[in-house]
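Student: I have a structure to get through before class. Can we go over it together?

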Amino acid sequence: MSNFCREVVTLQLGHYSNFVGTHYWNLQDASLSYDPETPPSEIQSDVLFREGQTPGGQVTHTPRLVAIDLKGSLRTLRQEGNLYDTGTDTSTATWEGSLMMHTESPPQKNSFLEDLDRLDKGEILAQDDFYSSPRPQCSAGAVSVDTVNTQLARVQKGYRLEGSVKVWSDFLRIHLHPRSVSVIHQYNHDGEAHRLETFGQGEALLQGPVLEQLEDKLHFFVEECDYLQGFQVFCDLANGFAGLGSKVTEMLQDSYGGRGILTWGLAPVSHPDTTPMKELYHVLNGALGTVNMAANSSFFCPLTLRGGLGRRPSSPVAFPHLNYDPSLWYHSSSVLALALDALTLPYRLKDSAPMWQMADTLAVSGRKVVAAYGAVPFPMMHGSSLPDALSACADALPWKPLSACPEPGDGRCYGQLVTLKGFEGQRLISSLAPGTQPATPLHDLHSGEDVLESYIRSFYPRSPLALQLVSTASALTPPFPQIFSHFLSPQGFLQSQPLPPGSRAVSLAPVMTSLQSGPAVGSWLTELHSGASALDVRRSAPSFLSQGPEMVDYKDALEELRLLGRCYRDDSGGMMCSSSSEDNDD
């Protein structure tokens, strides 16, 4: 790992955020390489990972992570993890009478976790479980390290976990530090009683033991950083964690002023066992969480494949080369994690600008809410070039909304950051013989950056634009779900013919993402405000405010949300409306 980096601490607040986070960390772990022959990566892994050592002297790399969830959400995962387990029981019994012990059968592990246990114990999976391709050979003098990563990368077994994933730890493939996981015991993950359903419940949590545990865990990870650039926060947006996230980001802002705080508000397409009253709560939590977390963050970005955050959303987002089930959190969270792998890339590169500079380019003039879009995967034919791929998308941008915020298509945008990753082995420019007429203007350009910029500017001719191109694709190893089209090669590139049944699974994914600040975000905020303010909360959901906020604070928050939406108004000439002219419109 590098001698210098700007570290990031990650917080995951809520069960769906931990679903997305688990896929995200699996992706990061799959990209780690311990092969001395592997060229240095463009991505600096120790931005997110910390190096440690077990009591037995084993070197470890674990995420710099604090993950918070509710009682009953871990199943087979021990809260303190297994990485630093000494294997001895230090407890002593002082009772001399007879003892009766009642034991509960532990939850059964799925096939993936059973295989992971075997690998952790040093067992080698049967050769029948692997692809027939030979292991990579190292040159003379180099040492080939057969890690869990390298074995899982060669696993033939196609894990089908759709029916066995109940919680996020059911597909967690990495070890977490003993200080990473925190469980809130006041509320249950399952059942009807003691559920964390409202914004006020979440706000009230950040005190006493919960606050002390969070501060203790944060201090542990922060104090070992040499150049902390900030925090990335994954937070549930539709339940009571929206309130907890609002308080947590406020605490981060107060305690670590000047550091970046990039907050991603996550919402699933659907919720199990939902009711009309719970759907109403989801709307109110989303509205209050958005305005509060945006105020406390460098920027706030909602992430969801749901067609909208209202009670009557449109159809879930469909991707032309994915076959995912929107109702399965295991599926939808994997798509968002792939997008986040690209969205968070600009501040994870070697010699990259810190995250607060990334936020400053987008969150201008109080517009701290941004929208995300993604092409997952980016459609690129095997053996073609970037001009070929973009020319095939000449009529419409290849990405889809990831924030329930459709693009208006009018070319208006106050700032945009586009990231393309995963084109390794493909050509960024066209290879034209001398005297050959280029098929399109894109084919006549001389660098990948020029090609991508020219393409984006054909849709957004005047908006500020930042680009990031990285050749490394997202590495997919078990247990990432196989949700890809049969027209994708194992390298993630399009084929003219579908691959035959039994072909090797997709192991790499090229992805393109866009973060935007523009009038479309204002329309989304206005719609969010209208949905919440149209409800008479005291009559429709009297219990929503039972633990806060006060009615006056609730109304103030909705007014702040309305004014936040106004910040994105753009009249003729791209000039912003003055506050007086806005008030006259009401």
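This is a predicted model: local features need pLDDT of at least 70, side-chain atom pairs count only at pLDDT 80 or more; totals for chains, interfaces and linings use all residues.

Student: What holds strands together in general?

Tutor: Backbone hydrogen bonds pair the strands of a sheet, either parallel or antiparallel.

Student: How many bridges are there between β1 and β6?

Tutor: Seven, joining residues 7-13 of β1 to residues 228-236 of β6 in the parallel sense. Leu13 stands opposite Cys235 there.

Student: Back to β5. What does it pair with, and over how many bridges?

Tutor: β5 pairs with β4 over five bridges, in the parallel sense. Asp69 is opposite Val183 of β5.

Student: Is β5 largely enclosed or open?

Tutor: Largely enclosed by the rest of the structure, because six of its eight residues are buried.

Student: New topic: rings. How many aromatic pairs?

Tutor: The count comes to 15. One of them is Tyr24 with Trp25: the ring centres are 5.5 Å apart and the planes are at 80°, so the pair is edge-to-face.

Student: Are Tyr24 and Trp25 buried or exposed?

Tutor: Both Tyr24 and Trp25 are buried.

Student: Which residues form the aromatic cluster with Phe171?

Tutor: Tyr16, Phe19, Trp329 and Tyr330 form one aromatic cluster with Phe171.

Student: What sits over the ring of Tyr414?

Tutor: The charged end of Arg367, 4.0 Å from the ring centre.

Student: Last one, Val451. Where does it lie?

Tutor: Val451 lies in helix α11 (residues 448-457). Its relative accessibility is 0%, so Val451 counts as buried.

Student: What is Val451 in contact with, beyond its neighbours in sequence?

Tutor: Leaving aside neighbours within four places in sequence, Val451 is in contact with Leu386, Pro387, Leu390, Leu428, Ile429, Leu442 and Leu445.

Student: And how far is Ser430 from Val451?

Tutor: The two are 21 residues apart in sequence, and 9.8 Å apart in space from C-alpha to C-alpha.

Note on methods:
Residues are numbered from 1 along each chain as its sequence is written. Side-chain values use heavy atoms; hydrogens and water are left out. Two strands pair if DSSP finds at least two bridges between them. Helices (H or I, at least four residues) and strands (E, at least two) are DSSP runs, numbered from the N terminus. Rings of Phe, Tyr and Trp (its six-membered ring) pair if their centres lie within 6.5 Å; planes under 30 degrees apart count as stacked, over 60 as edge-to-face and the rest as tilted. Buried means under 20% relative accessible area, exposed over 50%, partly exposed in between (1.4 Å probe, protein chains only). A charge sits over a ring if NZ of Lys or CZ of Arg is within 6 Å of the ring centre and within 35 degrees of the ring normal. Contact means heavy atoms within 4.5 Å.
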